[in-house]
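Here are my notes on the model, as numbered points. Have the structure open while you read.

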Amino acid sequence: MASDEMIKVVGDRFCVPYTMELLVKKKIQSFSNSHYDVFDTTGNILLQVNGGIWNLQKKRVMKDPAGLPVVTLREKEWQMHEGESRHCLCSVKRSGGFNIKSNLDVHLASPYKDAACDFRVTGSLASLSIKVRRGNSIIAEVTHSYTWGSYKGKECFKIKVYPEVDYAFIVALLVIIHENDNA
């Protein structure tokens with residue numbers, strides 16, 4: 001990443017001064033519910049996300065290891081809310097035009113915004129690779145490893161988050177693109 005500026009959307013407690021490698025394990029718990037566990041390289045759990053594409057509330061809640069809500073993802077054009085509040089942090093929409101890949105535009109919530117997106121997510125899980133960009137800079141990369149478990153409802157992702165980038169925000173984008181690809 002070219003900039004030394006901290007990129008915090010969910011919160012600065014999720015920004016670290018070094019490149020962070022994360023492992024995300026997803027398992028389908030029922031027809032209407034899926035669960036994501038996020039680990040660091042030493043196996044410590046950092047975040048958990050519950051919810052699923054077919055749940056009636058159309059939301060997923062990300063929690064920290066203590067079980068406290070960090071962010072709620074609501075599928076109304078995909079909005080990210082602080083904790084379980086209605087305070088919108090950003091909205092996520094599919095990029096314009098017909099694309100085979102699931103490109104997403106991320107717009108931070110601000111009354112002083114222009115129409116340009118703040119972040120762009122490119123790639124798809126089918127291509128096994130996703131990149132998150134701010135302008136021309138890549139701020140995070142996701143790779144998806146298909147295994148025999150992928151066909152049994154258990155999937156694994158590796159995330160590389162560059163220094164001073166909010167890793168909770170990047171995990172939330174992974175959940176959104178994964179839910180979009182599986183809708």
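1. Aromatic pairs first. Searching the whole structure turns up 2 aromatic pairs; rings of Phe, Tyr and Trp (its six-membered ring) pair if their centres lie within 6.5 Å, with planes under 30 degrees apart counted as stacked, over 60 as edge-to-face and the rest as tilted. One of them joins phenylalanine 14 to tyrosine 167, edge-to-face, at 5.4 Å centre to centre and 90° between the planes. Phenylalanine 14 sits in the segment before strand 1 (20-30) and tyrosine 167 in helix 1 (residues 167-181), so this pair ties together parts 153 residues apart in sequence. Both phenylalanine 14 and tyrosine 167 are buried (under 20% relative accessible area; exposed is over 50%, partly exposed in between, with a 1.4 Å probe and protein chains only).

2. A word on what you're looking at. This is a predicted model, where local features need pLDDT of at least 70 and side-chain atom pairs count only at pLDDT 80 or more, while totals for chains, interfaces and linings use all residues. Residues are numbered from 1 along each chain as its sequence is written, and side-chain values use heavy atoms, leaving out hydrogens and water.

3. The overall layout. The protein chain has 1 helix and 12 strands; helices (H or I, at least four residues) and strands (E, at least two) are DSSP runs, numbered from the N terminus. Read from the N terminus, the order is β-β-β-β-β-β-β-β-β-β-β-β-α. Of the 183 residues in the protein chain, 46% are buried. Looking at contacts (heavy atoms within 4.5 Å) between residues at least 6 apart in sequence, 37% join residues at least 24 apart.

4. The core. Which residues touch the most other members of the largest nonpolar core? They are Leu22, Leu47, Met62, Met80, Ile159, Phe169 and Ile170, out of 46 residues. Helix 1 gives the most to this core, with 11 residues. Such a core is a set of buried Ala, Val, Leu, Ile, Met, Phe, Trp, Tyr and Cys residues joined through side-chain atoms within 4.5 Å. In soluble globular proteins, nonpolar side chains tend to be buried together.

5. Setting aside neighbours within four places in sequence, methionine 80 contacts Val10, Val71, Thr72, Leu73, His87, Cys88, Leu89, Cys90, Phe169, Ala172, Leu173 and Ile176. Valine 38 belongs to strand 2 (residues 33-39) and is buried, at a relative accessible area of 0%. Not counting residues up to four places away in sequence, valine 38 touches Leu22, Leu23, Val24, Asn44, Ile45, Leu46, Leu47 and Val171. From valine 38 to phenylalanine 157 it's 119 residues in sequence but 9.4 Å in space, C-alpha to C-alpha.

6. Salt bridges. How many are there? The count is 6 salt bridges, each being a side-chain nitrogen of Lys or Arg within 4 Å of a carboxyl oxygen of Asp or Glu. Among them, arginine 134 pairs with glutamate 5, with the closest N and O atoms 3.6 Å apart. That pair links distant parts of the chain, arginine 134 being in strand 10 (residues 129-134) and glutamate 5 in the segment before strand 1, 129 residues apart. Arginine 134 is partly exposed at 30% relative accessibility, and glutamate 5 is partly exposed at 44%.

7. Another salt bridge joins aspartate 64 and arginine 13, with 3.7 Å between the closest N and O atoms. Aspartate 64 lies in the loop between strand 4 (59-63) and strand 5 (69-74), and arginine 13 in the segment before strand 1, so the pair ties together parts 51 residues apart in sequence. Buried or exposed? Aspartate 64 is buried, with a relative accessible area of 8%, whereas arginine 13 is exposed at 52%.

8. Glutamate 75 and arginine 60 also form a salt bridge (3.7 Å, N to O). Glutamate 75 is in the loop between strand 5 and strand 6 (79-82) and arginine 60 is in strand 4, 15 residues apart. Glutamate 75 is partly exposed at 28% relative accessibility, while arginine 60 is buried at 0%.

9. Cysteines, briefly. The model has 0 disulfides, a disulfide being a pair of cysteine sulfur atoms within 2.5 Å. Cysteine 117 is partly exposed at 26% relative accessibility, and cysteine 156 is partly exposed at 24%.
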